[in-house]
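This report describes one protein model for a reader who has not seen it before. Please look over the sequence and the structure first.

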Amino acid sequence: MSEAEQVMWGFFNMGRLISAMSFIGTIIAIWLALRIANMTRASEESNIVTKILSSAFGILVLGGAYTGASIGRANWTNTANIVSTGGVDNCANPAFCQSFLDFVGTTEPSLMPTTGFIIFLVVILIMILGQIWLPKNN
């Protein structure tokens, strides 16, 4: 394996570690946003300002999650682009490099996360806003 290829895979794996840490932070922030939404709903003192601030916090958390997932996806597509540009046959393990390209599926940079993650964020958004704004069934 060439030094350039070692550096490329090293950067790729460092990006994966950064994405993993970002995802852990995202899960904690989503939990906090859901907790705030639940507390806003449960409080008798909640008013329109509280509801707007709680909603804004939840939306900002999901915006951060979207950004983090987009950066994580860019790591994969950028690495696939480097492998493709350098040529699969120039890799130390051409079969592995080809399977990596097949798995990623594209070498074009994307400014959005995967469809599954977007659906996940939409579900969380509905949960947060539903807790805050839907009427209570007493």
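## Surface patch, fold and pocket

Ile-48, Val-49, Ile-52, Leu-53 and Trp-133 together make a nonpolar surface patch of about 510 Å². Helix 2 gives the most to this patch, with 4 residues. Ile-48 is a residue of helix 2. The model is a predicted one, and the values in this report are computed from it.

The overall fold comes next. The protein has 4 helices and 0 strands, and along the sequence the pattern reads α-α-α-α. The radius of gyration of the protein is 20 Å, well over the 14 Å that the globule rule gives for 138 residues, so the protein is more spread out than a compact globule. The C-alpha trace spans about 65 × 20 × 20 Å along the principal axes of the protein.

| Helix | Residue range |
|---|---|
| Helix 1 | residues 3–42 |
| Helix 2 | residues 48–86 |
| Helix 3 | residues 94–104 |

How many residues line the largest pocket, and which of them lie nearest its centre? The lining has 21 residues, and those nearest the centre are Ala-69, Gly-72, Arg-73, Trp-76 and Thr-114. The volume of the largest pocket is about 430 Å³. Helix 2 gives the most to the lining of this pocket, with 8 residues. By residue type, the lining of the largest pocket divides into 9 nonpolar, 10 polar and 2 charged residues.

The last topic is charge pairing. Side chains of opposite charge can pair when their charged atoms come close. The structure holds 1 salt bridge. Lys-136 forms a salt bridge with Glu-44, and the closest N and O atoms of the pair are 4.0 Å apart. Lys-136 lies in the segment after helix 4 (115–133), while Glu-44 lies in the loop between helix 1 and helix 2, so the pair ties together parts that are 92 residues apart in sequence.

Terms used:
Residues numbered from 1 in each chain as written. Predicted model: local features only at pLDDT ≥ 70, side-chain atom pairs only at ≥ 80, totals over all residues. Heavy atoms only, no water. 1 Å grid on protein atoms, 1.4 Å probe; cavity = no way out; pocket = protein on both sides within 12 Å on 5 of 7 lines; lining within 4 Å. Points joined across faces, edges and corners; volume = space filled by probe spheres on them. Helix = DSSP H or I, 4+ residues; strand = E, 2+ residues; numbered from the N terminus. Nonpolar A, V, L, I, M, F, W, Y, C, P; charged D, E, K, R; others polar. Patch = residues over 30% accessible without salt bridge, like charges linked within 9 Å, V, L, I, M, F, W, Y side chains within 5 Å. Areas by Shrake-Rupley, 256 points an atom, 1.4 Å probe, with all protein chains shown as cover. Salt bridge = Lys/Arg side-chain N within 4 Å of Asp/Glu carboxyl O. Rg over C-alpha atoms; globule rule 2.2 N^0.38 Å.
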